[in-house]
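Visitor: I would like to learn how to read the features of a two-chain model. Where do we start?

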Amino acid sequence: MLSRTCLLARQSSKLPLYSLTNRFSSDVAEVKESKNPLSTGQTGAAVLGGSILATAVSKEMIVLDADVLAGSILFACTYGLGKKVGPMVIDGLDKYTKNIETTMSEGKKVQIAAYEAAIAEEKAAIESLKLAGDIFDIKRELVQIEIEAEYRRRIKTVHTEVKKRLDYQVELESTKKAFIRDHIVAWLEKEVIASISPEQEEANINQCIASLSLLAPSQ
Amino acid sequence: MLSCSRIFLRQGLSTGARSLAAPIQLTSYIHTTHVNKDETVASGALIEAAKGMRVIPTRGQAAKEKLYGFVQDLCKQNLGEEGYRYFPFALGLFTTIGFCNVTNLLPYIEMPTQIIGCTVAMSTTLIAGLTIKCIAKHKLDFASFFFPPGAPIGLAPLLVPVETISFFSRAVSLGVRLGANLTAGHMILHIISDFGAQMLASGTVGGGIGGVLCTAALVPVCILEMAVAVVQAYVFCMLTTMYLNDAHELH
């Protein structure tokens with residue numbers, strides 16, 4: 001006789017592994033889907049319908065005549081055709097619906113792509129506008145630099161011109177003074193020379209000779 | 001005196017079935033009618049059928065759209081652009097006759113399209129209306145119907161009576177074609193099923209075998225009758241559109 005532990009081990013080896021959350025529900029009897037139409041709970045509707053039909057036929061509520069035969073055959077044909085042709089028809093209709101959906105999606109996708117492109121363009125335009133601000137600042141600075149340079153160039157020009165004129169005036173004055181000085185010096189020389197008499201000249205020369213004679217023997 | 005369309009309506013609607021598209025008042029295009037409760041109910045059926053339509057259709061809606069497209073192609077082919085305004089009429093005609101034909105297959109039910117008198121009255125009224133329309137539009141040129149273009153004038157004494165009879169026999173042939181096909185099919189079905197039922201009820205072995213054979217023979221007949229029901233509706237509608245085009249274009 002196997003021990004309880006061994007029996008439990010055997011059972012647990014046969015049982016599938018359940019998750020912890022499913023443990024207790026799996027311990028209760030499993031409800032599996034039964035494919036047998038005659039199993040419990042499957043035949044209720046068929047039995048009810050069959051009983052009603054049998055009662056109606058036996059009580060001659062439904063008289064089994066030619067029309068009933070024709071109607072039953074018609075029903076069977078319709079059912080059979082539905083089984084055979086139905087899937088094809090359903091596939092055709094689903095394909096039709098899918099085509100419409102695809103076409104509309106295509107249109108939608110194209111529009112979305114167009115809108116996304118437009119959004120990207122707008123964003124790029126906004127970015128370029130930001131850069132444009134910097135460019136404007138740079139250009140403004142360049143212009144200001146150019147204006148400053150031009151100003152300084154003009155200032156230099158003015159300075160040069162003024163200096164030229166002033167130098168001219170200075171030159172003019174100095175030239176005038178040089179003329180005057182030269183004239184005065186020449187007049188003075190002339191007057192001095194004119195004021196020297198022959199006797200003074202001779203006396204001066206004799207003096208110079210005497211000085212030279214005194215100097216000569218010392219060497 | 002009720003017009004044929006109202007009998008049509010009463011019988012068709014008395015089965016309690018809702019047709020897909022029942023602009024029945026458009027089938028009374030030719031008749032002088034006023035809106036009565038049957039037509040109101042039929043119009044209501046159309047409005048009800050059109051409710052809940054989606055952009056991306058369900059299977060049911062897709063089937064309706066396929067039917068709509070089928071009749072639309074038929075009208076475009078036969079009527080052209082100018083006659084396309086008769087498309088609602090053609091759609092109503094096709095769906096109504098198709099519904100009646102298919103419902104006629106059920107046991108214990110008899111629809112107006114099986115009654116030759118009804119179908120002939122309907123076709124006669126149609127042809128009469130077309131003729132009136134043609135005369136109103138083309139006046140004396142309508143007479144060119146009875147002399148085919150390009151035929152030698154010497155054959156006129158022979159051709160004109162033949163063409164006249166051919167023209168007016170359309171009125172009868174259109175209705176008889178529909179009614180006779182359905183009647184014949186229903187009759188074959190009834191004969192075979194009666195034969196089979198009696199054989200099965202005889203209680204003999206031979207009777208049982210015969211009954212089974214008859215039951216087996218019923219299967220292709222049923223399938224054929226289903227096909228005939230739809231095809232006859234299509235043929236009626238197609239011929240009506242062709243006659244409409246003839247009335248408009250004069251050949």
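**Reading the interface**

Guide: Across the interface of chain B and chain A, four residue pairs are in polar contact, both residues at pLDDT 80 or more. A polar contact is a pair of N or O atoms within 3.5 Å; within protein, one must be able to donate a hydrogen and the other to accept it, and residues adjacent in sequence count only if both atoms are side-chain atoms. This is a predicted model: local features need pLDDT of at least 70, side-chain atom pairs count only at pLDDT 80 or more, and totals for chains, interfaces and linings use all residues. Residues are numbered from 1 along each chain as its sequence is written, chains are lettered from A and ligands numbered from 1 in the order written, and side-chain values use heavy atoms, without hydrogens and water.

Visitor: How many salt bridges are counted between chain B and chain A?

Guide: A salt bridge puts a side-chain nitrogen of Lys or Arg within 4 Å of a carboxyl oxygen of Asp or Glu. The count here is one. B:R59 pairs with A:D94, with the closest N and O atoms 3.0 Å apart.

Visitor: What area do chain B and chain A bury between them?

Guide: Interface size is often given as the accessible area lost when the parts come together. Here a 1.4 Å probe is used, and the loss is summed over both parts. The two chains bury about 2,000 Å², 79% of it on carbon and sulfur atoms.
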